[in-house]
Amino acid sequence: MRNPTVGAIWLRLLLCAAMLLGSGAGIAKEAAPTAADPVLEARMQDIAAELRCLVCQNQTIADSNADLAVDLRRQVREMLTRGDSREQILDYMTARYGDFVLYRPPLKAETALLWFAPAVLLVLGVLILLVVLRRRSRLADDQFEPEVDPYVETPDDPNAEPPSATDIGERPTPSQR
């Protein structure tokens, strides 16, 4: 087998580097469209920060790269270009997608679950934990399952003698022979 020359090694390294650098071009996306007017773009970003991405649900449409978020940002930009106010845009989005589209939904009967469910679940979990711990503290030690080593085979008979070294598979010592 012949040894590669220094030039052949450099050629291979250069080829690998070119393939790595060129591989990102296939997954690159088109730049997000921006308004020609920076003031309009700032207003659009401000409104987009108030709207929840319906795909991601934990991001605003300003932060999300989901296709729906891109479409909603474009729609907000078009509505601002038409002259719609911030309130008109938020009202339109709420009418179309419901209060859930607002990143900070208003507190009313329909959205009470969104506001209070996390706190109620947390309190419920703490109460269940306290009840379980209180019941366990009242149990006697013999009511708990004994600790079992999963690597040691236990006999079915609790009064059985412990296994000898030959039963376990160890070499017997000279005194055991």
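Guide: A nonpolar core is a set of buried Ala, Val, Leu, Ile, Met, Phe, Trp, Tyr and Cys residues joined through side-chain atoms within 4.5 Å, where buried means under 20% relative accessible area, exposed over 50% and partly exposed in between, with a 1.4 Å probe and protein chains only. This is a predicted model, in which local features need pLDDT of at least 70 and side-chain atom pairs count only at pLDDT 80 or more, while totals for chains, interfaces and linings use all residues. Residues are numbered from 1 along each chain as its sequence is written, and side-chain values use heavy atoms, with hydrogens and water left out.

Visitor: Which residues of the largest nonpolar core touch the most other members?

Guide: In soluble globular proteins, nonpolar side chains tend to be buried together. Here the largest core has 18 residues, and those touching the most other members are Ile 47, Leu 51, Ile 61, Val 76, Leu 80, Ile 89 and Met 93. Helices α2 (38-48), α3 (67-82) and α4 (86-97) each supply at least two of its residues, the largest share, 5 residues, coming from α3; helices are DSSP runs of H or I, at least four residues long, numbered from the N terminus.

Visitor: With what is Ile 89 in contact, leaving aside its neighbours within four places in sequence?

Guide: Contact means heavy atoms within 4.5 Å, and on that basis Ile 89 meets Ile 47, Val 76, Met 79, Leu 80 and Asp 84.

Visitor: Is Phe 116 buried, partly exposed or exposed?

Guide: Phe 116, which lies in helix α5 (residues 112-138), is partly exposed, because its relative accessible area is 47%.
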